[in-house]
Structure formats: C-alpha cells, structure tokens
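Here is a short briefing to read alongside the coordinates. Have the viewer open and follow the residues as they come up.

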Amino acid sequence: MLGSAGADTSLGAANWTEPLEFVILGFSGWPPALRAMLFALLLPLYLATLAGNLLIVALAAAAPSLHTPMYFFLGALSAVEVAYTLVLTPRMLAGFLLPPGGQALAPAACAAQMGLFVALGGSECLLLAAMALDRYLAVCRPLAYPRLMSPARCLRLLAVCCGAGAGLAAALTAVVFRLPFCRGGRVDHVFCDLPAVLLLACGDRALQERALLAACLLLLVLPLALILLSYGRVLLVILGVGDAAGRRKAFHTVASHLTVAVLHYGCATAMYARPLGSRSLAEDKLVSLVYINLTPLLYPAIYTLRNRDLQGALLRVLGRQPEAT
C-alpha cells in the first residue's frame, strides 16, 4: 500500500502498522453551532469564488477584445483557481456539517488530493510568473512582442507551467508516501496537506523535508524574483514614456498583478517555507481558512474591479455597450 523504506529501527517493525485510512480531522472538535456558522459564512464565499473565476474564463474565451496573451493567461489562471477550489472546498464545507470524528479517506484518495493541490498551486505560481513575463515583453519589447508571445508560444508556455506543476507534485507526493505512517492516520488539517501528512510519518524524514524546501525554492522564490524584476523594469519604463492616460492604465494593470502575486506568494511562503519542527497545526488550520476561501475570491475581485477591459467586455456580452469600432 504505502512505502516502508526509512523506518526508524528503534521503533521495531512490530510496534507500528500502516493506517488503512486517513482521517481528516478539520474542525470536527469545534462546537456544532460554531461549525454551522462557519459553513453559512464560507458557502457564499465559495459560490462567489466559482462565479467570479468562471466569469473571467468565459469572458477571456468569448470576448474578441480579450483575445490577447495577457487575458489568455488570466483565463488560464482563473481556470486553475476553479479546479483548486473544487479539489479542496467542497470536502472542507462538508466537514462542518458532519458529526465529530473527521472524514475518512483511503490512502490513494489522500495522495491524490495532495498531488492535485500541489499541482494546481504550483501551476498557479508559474502562471503568475508567465503573466509578469508577458507584461515585461509588452512594455519593454513592444516591437518584438507579437512574435515573442504568439498564440503558439502562449500555448507552449501554458503547457510548461502546468506540466512543471504536475511533475513537481508527482515527485513530492511520491517521496512523502515512501515513508511508513506509524503515528496513525489522523490528519490534523482540513485536507491532506503535505506538512500535516508528513508529520505522521516515522523514520528519517530528511529527504522529504529537503524535497519540500526545493519545491518552495522552485515554485515560490524563483518565480517571485522573476515577477519583481519584470514589474520593476515595467514600472521604470511606463513612468518614463507615454501620456498620463497610458501610464495610468499600465500602472493599474501592474498594481493588480502585483497585488495578486503578493497575496499568493505571501500565503504560500507562510505555510510551506518553514521547518516541520516549528509548525503549529492548529495555526495552520486557521490560516488555511484564508488561503482556501478568501484569497481565491480576491483574485477575480481585484482583476475585474480594476480592469476596464474586462468590465467593457462584460457590458458588451450583456448587450449594454456597443463593440468598439
């Protein structure tokens, strides 16, 4: 079932058994009234998140004025957000209504949930970097931009982002589930998050912790450095050229992208760029309420409220504004 390499010999092979299932404890120990209140609060946020991201995906696909690389990547980012919330949120919401004791998951289902979460989160990190690269080329290399960001190259860049996220997720999930889980299968979290599951393993976890650190470097530090360098260069260019209206529009676009990047990388860094020994699972669960429920909702709000192109496309789809001539 699960791997048995690396067990701590001091425990003895007879002193531990692999769990037949994992139990997601979530907030099952909280009072029923409080859990019911959280369900009533978070369900509308979840529905609004789905509606907002699906709206961006639909507009990016249907509105001819949005058939540009920037909105291609924005639509892809929103599609990833839809999948991300579908993987995590429904089961978390169901946990608020179930009797105390947690939700049971087969080991394969737990591994699949972990892998999908890492794959989608990793793809999102890389897509944010791709969007920063797109804005850099559009502003700093305008003459070469149509060639450098052709539809075919945009598709290849999207495939690289998703493929790299999926590959890292498969590798991380594999190294975690190579260890024996000799501390039971009670996951003190709202889903099969990688650190929460890794804390249940016995034996030498050094390889797994190094793999997690390497993934944080590849998915958090390097893309964030690229984003900051790209937008720093973009800001220098737009402040030095163009009229006031053009500078204002470009600045609003950069500000929206930077806000989303800070939210995403800030939450991810706070959650995963820490050693296992310094973790408080109770605090991690509370933070998870933010990055699972609130942060995905802010993305479509930030992009649509600050983006006149999306607002105009929505009005045209609704028939309240004529197509630009």
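Two salt bridges are present in the structure, where a salt bridge means a side-chain nitrogen of Lys or Arg within 4 Å of a carboxyl oxygen of Asp or Glu. This is a predicted model, in which local features need pLDDT of at least 70, side-chain atom pairs count only at pLDDT 80 or more, and totals for chains, interfaces and linings use all residues. Residues are numbered from 1 along each chain as its sequence is written, and side-chain values use heavy atoms, with hydrogens and water left out.

**Salt bridges**

- Asp-188 pairs with Lys-285, and their closest N and O atoms are 2.9 Å apart.
- Asp-188 sits in the loop between β3 (186-187) and α6 (194-198) while Lys-285 belongs to helix α9, so this pair ties together parts that are 97 residues apart in sequence. Helices (H or I, at least four residues) and strands (E, at least two) are DSSP runs, numbered from the N terminus.
- Asp-188 is partly exposed at 25% relative accessibility, whereas Lys-285 is buried with a relative accessible area of 10%. Here buried means under 20% relative accessible area, exposed means over 50%, and partly exposed lies in between (1.4 Å probe, protein chains only).
- Arg-135 and Asp-134 also meet through their side chains in a salt bridge, at 2.9 Å from N to O. Both Arg-135 and Asp-134 are buried.

**Overall layout**

- The chain has ten helices and three strands, and along the sequence they follow the pattern β-α-α-β-α-α-α-β-α-α-α-α-α.
- Of the 325 residues in the chain, 48% are buried.
- Take the contacts (heavy atoms within 4.5 Å) between residues at least 6 apart in sequence: 78% of them join residues at least 24 apart.
- Accessible areas come from the Shrake-Rupley method with a 1.4 Å probe, and for residues only the protein chains shown count as cover.

**Helix α9 from the inside**

- Which residues does Ile-292 touch, not counting residues up to four places away in sequence? They are Leu-88, Thr-89, Met-92, Val-190 and Phe-191.
- Ile-292 is part of helix α9 (residues 281-305) and counts as buried at 2% relative accessibility.
- Ile-292 and Leu-88 are 204 residues apart along the chain, yet their C-alpha atoms are separated by 7.4 Å.
- Thr-295 is found in helix α9 as well, and Thr-295 is buried with a relative accessible area of 6%.
- With neighbours within four places in sequence left aside, Thr-295 is in contact with Leu-263, Cys-267 and Val-290.

- Leu-212 lies in helix α7 and is buried, its relative accessible area being 9%.
- Beyond neighbours within four places in sequence, Leu-212 is in contact with Leu-172, Leu-194 and Tyr-272.
- The C-alpha atoms of Leu-212 and Val-175 are 9.6 Å apart, for a pair separated by 37 residues along the chain.
- Leu-217 also belongs to helix α7 (residues 206-240), but Leu-217 is partly exposed, with a relative accessible area of 43%.

**Surface patches**

- Patches are made of residues with over 30% relative accessible area and no salt bridge; like charges are joined within 9 Å, and nonpolar side chains (Val, Leu, Ile, Met, Phe, Trp, Tyr) within 5 Å.
- Leu-217, Leu-218, Val-221 and Leu-222 make up a nonpolar patch on the surface, and together they have about 350 Å² of accessible area.
- Arg-141 is located in the loop between α3 (107-140) and α4 (145-148), where Arg-141 is partly exposed at a relative accessible area of 39%.

**A loop glycine**

- Where is Gly-184? Its place is in the loop between α5 (151-176) and β3, and Gly-184 is partly exposed with a relative accessible area of 32%.
- Gly-184 and Leu-20 are 9.2 Å apart in space, C-alpha to C-alpha, and 164 residues apart in sequence.
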